[in-house]
Amino acid sequence: MAEKNHLSDISKRRTFAIISHPDAGKTTITEKVLLFGRALQKAGTVKGKKSGQHAKSDWMEMEKERGISVTTSVMQFPYADHLVNLLDTPGHEDFSEDTYRTLTAVDSCLMVIDAAKGVEARTRKLMEVTRLRDTPIITFMNKLDRDIRDPMELLDEVETELNIACAPITWPIGSGKSFKGVYHLHRDETILYQSGQGHTIQPVRIIKGLDNPELDGAVGSDLAQTLRDELELVVGASNEFDQELFMAGEITPVFFGTALGNFGVDHMLDGLVEWAPAPLGRETEDGRIEADAAAFSGFVFKIQANMDPKHRDRIAFCRIVSGKYEKGMKMKHTRIGKDVRIADALTFLAGDRALLEEAYAGDIIGLHNHGTIRIGDTFTAGENFRFTGIPNFAPELFKRIRLRDPLKQKQLLKGLIQLSEEGAVQVFRPLVNNDLIVGAVGVLQFDVVVARLKSEYNVEAIYEHISVNTARWVYSEDPRKLDEFRRKAEHNLALDGGDNLTYIAPTMVNLQLARERYPDIQFTHTREH
Ligand code: GDP
């Protein structure tokens, strides 16, 4: 990285991820963000999923065929005197539990919404996950170069559907062919848009003041008047930005623009460095570790297998919570109580990987994993504690898995349990039969599992349909009630890869009925490691 300034200043770090529905513009905005971060000379080279280029980290032929990346990569770049970490969240077919868990490793999220469409299903789900930690959310209304829905209506929809107040920071002037730019409410200036400049950082014309007659000349007096009228309404009807409410995840600053036209992305980034939190501490079983604590600590939120076919290794992604990683340092892997010396942690620069000398709170490092690291593991400078809040999420898709060669049942189970410890999928074994059920959050995981079972465990497995719609982990304060439940609901119960009791429901209605029938049983959507 050219600019190594503030490398150790954690108050100048921002670690965030993008949440959005497929096709809302996450990839495009990532490219523009990197362009501003000077991490890319020219935007358009992040994934190239449409251009036939592939990120270097793609490892399976399967990915190449489909033009998607299984990798959740981490991008680090400087912006406005800050150091920004952007964690990629797999979103298309590669959507998976990793997408959810990545959201536990960031301190804020950028929500990208297609302004022609509004709030979509995937965004709703991801917002739910951010609510587990009340993560601060910044909103970008994208595709203003197309005809969009009424901006006021969009804000209403976000407020009612996602239950978060909106504070517009910029306001659009026209949209589609007549998109002229945005008015920045905090700066009291109009920033004019020029089309056809999407691949560069464009020079912009700025007009100070809303009543400036120059504005009428620049956007036409009709649009200028509409803007003034709308703003009067907006200022009256919407919320003002409030730092505290933002930090509590209760209000989101909203920006308008076009990622493709690279317009408005910098306003959003300015908001990010100004308002989004510097690296935050995390809870452990014995209290909170703050980001400015001196001793090194971190947790693993994702394990990536065989990213690079030349290396054939697994990489554990570790979010540093406190202290400093230094090349060659000794760390304690607290779950297994072992000290390990780490000389070769990786950092990920726009798909490339490079050896890393040092890293600080808020940064992500990649640790080589030879099968001992699991999702949720904690690394410390020697102390014995474990971070909490890195859960498993209830799968949303289920298939029965079966062997072509029934003699390899043991290997199959071993493989599935290891893959579930890695967080690739979850495996469930019903109490009443010998089925093996694979559960995942995204469809691609099923193919990944079969491919990896074959290459790493030498077993050939196939899937069959099974009528399971959802799963919940079950608990009860009262062991007798749990026993009774276990007997009565046996046909719907299974053990997951870690032997935790799980209710598997053929339909949502069935789950609802079970909840009503067994009020002393808790059915949970997430499970801590
Ligand atoms: P992702 O699935 O969220 O990563 O979305 P992409 O960034 O791949 O964008 C999906 C499609 O929308 C692509 O064809 C983009 O070129 C297009 N797109 C993204 N941003 C804009 C925008 O601001 N305006 C227009 N017109 N198209 C956009």
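Domain bounds here come from an automatic or database domain assignment, and the model shown in every view is a predicted one.

View 1. The protein splits into domain 1 (19-35 + 97-275), domain 2 (282-380) and domain 3 (394-528). Taken over C-alpha atoms, the centres of domain 2 and domain 3 sit 29 Å apart. Zoom in on where they meet and you'll find five residues of domain 2 in contact with four residues of domain 3. On the domain 2 side of that contact, three residues are nonpolar, two are charged and none is polar.

**View 2. Helix α1 and its surroundings.** Stay with α1 and look at what's packed around the helix. Eleven of its eleven residues are buried, so α1 is largely enclosed by the rest of the structure. The buried set takes in charged residues, Lys-26, Glu-31 and Lys-32 among them, along with Ile-29, Val-33, Leu-34, Leu-35 and Phe-36. What do the buried residues of α1 pack against? The partners are the strands β1 (13-20), β2 (74-79), β3 (82-87), β4 (108-114) and β5 (137-142), plus the helix α9 (265-275).

**View 3. Two loop residues with positive phi.** Most residues other than glycine have a negative phi, which makes this pair worth a look. Asp-81, in the loop between β2 and β3, has a positive phi of about 70°. Asp-81 counts as exposed because it has 11 C-beta neighbours inside 10 Å. Asn-163 turns up in the loop between α5 (151-162) and β6 (165-168), and its phi is positive as well, at about 55°. Is Asn-163 buried or exposed? Exposed, with 12 other C-beta atoms within 10 Å; the cut-off for that label is 12 or fewer.

**View 4. Strands β15 and β22.** β15 (residues 314-322) pairs with β22 in the antiparallel sense, over six bridges. To get your bearings, find Arg-314, which stands opposite Asn-369 in β22. β22 (residues 364-369) is mostly covered, with five of its six residues buried.

**View 5. Inside the largest nonpolar core.** This core has 132 residues, and the ones touching the most other members are Cys-109, Leu-110, Val-300, Cys-318 and Ile-365. β15 gives the most to the core, with six residues. Centre on Cys-318: leaving aside its neighbours within four places in sequence, its contacts are Gly-298, Phe-299, Val-300, Ile-364, Ile-365, Leu-367 and Phe-379. Two of those contacts, Val-300 and Ile-365, are also among the residues that touch the most other core members. As a rule, nonpolar side chains tend to be buried together in soluble globular proteins.

**View 6. The loop at Asp-242.** Asp-242 is found in the loop between α7 (221-237) and α8 (243-247). With 14 other C-beta atoms within 10 Å, Asp-242 is partly exposed. Pro-253 is eleven residues away along the chain, and 8.9 Å separate the C-alpha atoms of Asp-242 and Pro-253.

Conventions: Residues numbered from 1 in each chain as written. Predicted model: local features only at pLDDT ≥ 70, side-chain atom pairs only at ≥ 80, totals over all residues. Buried ≥ 20, exposed ≤ 12 C-beta atoms within 10 Å, placed from the backbone. Helix = DSSP H or I, 4+ residues; strand = E, 2+ residues; numbered from the N terminus. Contact = placed C-beta atoms within 7 Å. Pairing = 2+ DSSP bridges. Core = buried A, V, L, I, M, F, W, Y, C linked by C-beta atoms within 7 Å.
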